[in-house]
Amino acid sequence: MSKKNKLNGIVSKINTLPEFVRVKALTTFFGTVVKFTGTAGIKVEELTEKRAVVTLKNKKSVQNHIGSVHAVASILIAESATGYLAGMNVPESSVNVIKTIKADYVKRAKGDMKAVATITDEQVKLMQSQEKGETVVKVTVTDADGKEPILMEMVWAWTPKKR
């Protein structure tokens with residue numbers, strides 16, 4: 001049985017809502033708590049202890065000079081998906097922080113973007129049982145064509161809130 005922190009408890013309650021309001025509730029909640037994601041327009045499509053899916057529309061406010069989603073906005077969706085996932089699993093006595101972001105841009109992105117982050121049962125157990133640690137959170141970022149224009153690696157750490 002998993003040890004739920006406060007965030008996990010809130011998201012678990014939201015996940016009991018009917019599907020047609022769940023995405024709006026998750027998106028509103030995270031857009032309020034993590035204001036920059038709300039400003040950017042990130043949509044939280046799915047969030048559980050082992051999987052997060054976030055999307056971003058290719059709109060003028062997040063575009064680069066060639067009309068694609070800006071490179072930093074692409075990193076933002078990957079960081080958000082992996083961070084929400086890490087946040088679901090760290091102990092209540094800890095805080096999660098991004099440690100490393102690696103991004104290799106391999107082709108031009110087209111249209112809207114989607115980030116899917118996943119962690120294993122072993123990672124969940126590690127995160128929930130240790131007050132301090134770090135782990136690589138797998139993330140795949142795809143564009144409207146379903147291609148992966150950016151290869152990313154996100155390392156999340158968690159440390160005690162009180163030092």
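How much space lies in the largest pocket? About 470 Å³. The views below come from a predicted model, in which local features need pLDDT of at least 70, side-chain atom pairs count only at pLDDT 80 or more, and totals for chains, interfaces and linings use all residues. Residues are numbered from 1 along each chain as its sequence is written, and side-chain values use heavy atoms, with hydrogens and water left out.

**View 1. The largest pocket and its lining.** A pocket here is an open set of points on a 1 Å grid over the protein atoms alone, where a 1.4 Å probe fits, with protein on both sides within 12 Å along at least five of seven lines; lining residues have an atom within 4 Å of a point. Grid points are joined across faces, edges and corners, and the volume is the space filled by probe spheres set on the points. Of the 24 lining residues, Leu7, Val33, Gly83, Gly87 and Asn96 lie nearest the centre. Two or more residues each come from helix 1 (6-14), helix 2 (19-33), helix 3 (35-40), helix 4 and strand 3 (94-105). Helices (H or I, at least four residues) and strands (E, at least two) are DSSP runs, numbered from the N terminus. Helix 4 gives the most to the lining, with 6 residues. By class, the lining has 13 nonpolar, 7 polar and 4 charged residues; Ala, Val, Leu, Ile, Met, Phe, Trp, Tyr, Cys and Pro count as nonpolar, Asp, Glu, Lys and Arg as charged, and the others, Gly among them, as polar.

**View 2. The largest nonpolar core.** Such a core is a set of buried Ala, Val, Leu, Ile, Met, Phe, Trp, Tyr and Cys residues joined through side-chain atoms within 4.5 Å. Buried means under 20% relative accessible area, exposed over 50%, and partly exposed in between (1.4 Å probe, protein chains only). The core has 38 residues, and those with the most contacts inside it are Leu47, Val54, Ile77, Val139 and Val141. Its largest share, 9 residues, comes from helix 4 (residues 71-89). Not counting residues up to four places away in sequence, Val141 touches, among others, Ile77, Ala78, Met113 and Ile150; contact means heavy atoms within 4.5 Å.

**View 3. The two sides of helix 5.** In helix 5 (residues 121-129), Gln123, Val124, Met127 and Gln128 are buried. They are on the same side of the helix because they cover an arc of only 125° around the axis, the arc being that of the directions from the helix axis to the C-beta atoms. On the other side, Glu122 and Lys125 are exposed. The buried residues pack against helix 4, strand 4 (113-118), strand 5 (133-142) and strand 6 (150-160).

**View 4. Ser74 in helix 4.** Ser74 is buried, with a relative accessible area of 2%. Leaving aside neighbours within four places in sequence, Ser74 is in contact with Val69, Met113, Ile150 and Met152.

**View 5. Val90 in the loop between helix 4 and strand 3.** Val90 counts as buried at 5% relative accessibility. Beyond four places in sequence, Val90 touches Asn5, Asn96, Met127 and Trp158. Val90 and Leu7, 83 residues apart in sequence, are 9.5 Å apart in space, C-alpha to C-alpha.

**View 6. Asn15 in the loop between helix 1 and helix 2.** Asn15 is partly exposed, with a relative accessible area of 24%. Apart from neighbours within four places in sequence, Asn15 is in contact with Arg22, Leu26 and Leu47.
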